[in-house]
Amino acid sequence: MSTLRGYPIVEERSLQPPQRRLGFLVRRDLAELPETPVGTVLVFSVNGAYKAYTEGAHLRGSEEAVVRAKSVSVVYLRSRQVMAGIEIPSQDMGYGFQVQATFTCRVSDPEAVVASGVEDAATILRDHLRDDAGLMRLGVTRPVEEVHLLSVEVASRVRAYLEFCPPRLDGVDVTLVNVALLPPNDILAHGQNIKQLKWTGEIKEMQWAIENRDVARIEEIFKRGAEATTAFGVSREQLMMTDAVGITREAQENRMRSLSDLFNRLPEGTLDFLPIDTQGLINRVMTSIIGESPFVEASGDRLELGEGRPGDGDEKPRRIGLEDLDD
């Protein structure tokens, strides 16, 4: 179907008087008439009267109205949605609210449409909305950012206005479908940019929180020593198991070597007065070096550090204190 140039009158065309044939037969050439897309009818203007030929009628060119017509109009009959948009002022200089009303229109009398000259329903409906002085003043106390708060008031006002003062489109039935209040395009873009920045900031904050938790977890792993750190590298597939064993072994040897150096630097006899289990310490050192304990502790025979052997009498062994060093 060809694109309609207007609604409800799609096209209008003036007609020249037809030529007589054989001296008395008058017939209009149908090529002079405009095309009739699906859903349209031809309405002929004859001496101030109008005659419509319904959709599907086949003209011969000899019909009286067709022969005598001074002009012809193409009228669209089927229902169609028509948008009527107006701008009402806001509190902000240079910015307004866009009121967009959607109507359903259907031609009920094509002859009345042509007689009244209803060429463009959208323009008629738009001008009718502008005639409501109350609607035009409704947004002057509101900034454009409050479009969502004003939308309900505007919709109620438009519906009430059309109910008590319906638009006049002769031959056309009009029904209001919807009313929407839209902000200016640049205000809408500004709000979208602000929302996008907010969402981006929230995403970054979530990423930083996850990174901080990951850093804290890795820090705790490092605090647990070389073995935990090496195991972490293996779990992240950044270390081979054989390399991890070598690293762990080297770390243990370094610790034992440092501990041995520390003991060697102590004055002679200091270990006799330190509250440590010398035998257990030696076992741990040897286990770290050769992988197994070289000593077998006898039950009940090992003396704790700081205790002497019992004498021949009934006197129980006692711990060596600092006062014994003075003797």
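The entries below go from the sheet to its hairpin and then to the helices.

**Entry 1: the model.** I note first that this is a predicted model.

**Entry 2: the sheet.** I looked up the strand order. I found an open sheet of three strands, in the order β7-β8-β9. The pairing is antiparallel. Which strands stand at the edges? They are β7 (80-89) and β9 (172-182). Each has a single partner strand, so one side of each is left without a neighbour in the sheet. On average, neighbouring strands here are turned by 25 degrees against each other, direction ignored.

**Entry 3: β7 with β8.** I turned to the pairing of β7 with β8, which covers residues 96-107. The two run antiparallel and share 10 bridges. I picked out two positions. Q81 has T104 of β8 as its bridge partner. P89 stands opposite G96 in β8.

**Entry 4: the turn.** How many residues lie between β7 and β8 in their hairpin? I counted six. One of the turn residues, G94, has a positive phi of about 90 degrees.

**Entry 5: the helices.** I then asked which helices lie across the strands. Helix α3 (residues 121-130) lies across β7, β8 and β9. Its angle to β7 is about 35 degrees. Helix α5 (residues 147-164) also lies across β7, β8 and β9. I noted its angle to β9 as about 165 degrees.

Definitions and conventions: Residues numbered from 1 in each chain as written. Predicted model: local features only at pLDDT ≥ 70, side-chain atom pairs only at ≥ 80, totals over all residues. Heavy atoms only, no water. Pairing = 2+ DSSP bridges. Helix = DSSP H or I, 4+ residues; strand = E, 2+ residues; numbered from the N terminus. Axes fitted to C-alpha atoms, helices over the stretch in contact; angles between N-to-C directions. Contact = heavy atoms within 4.5 Å.
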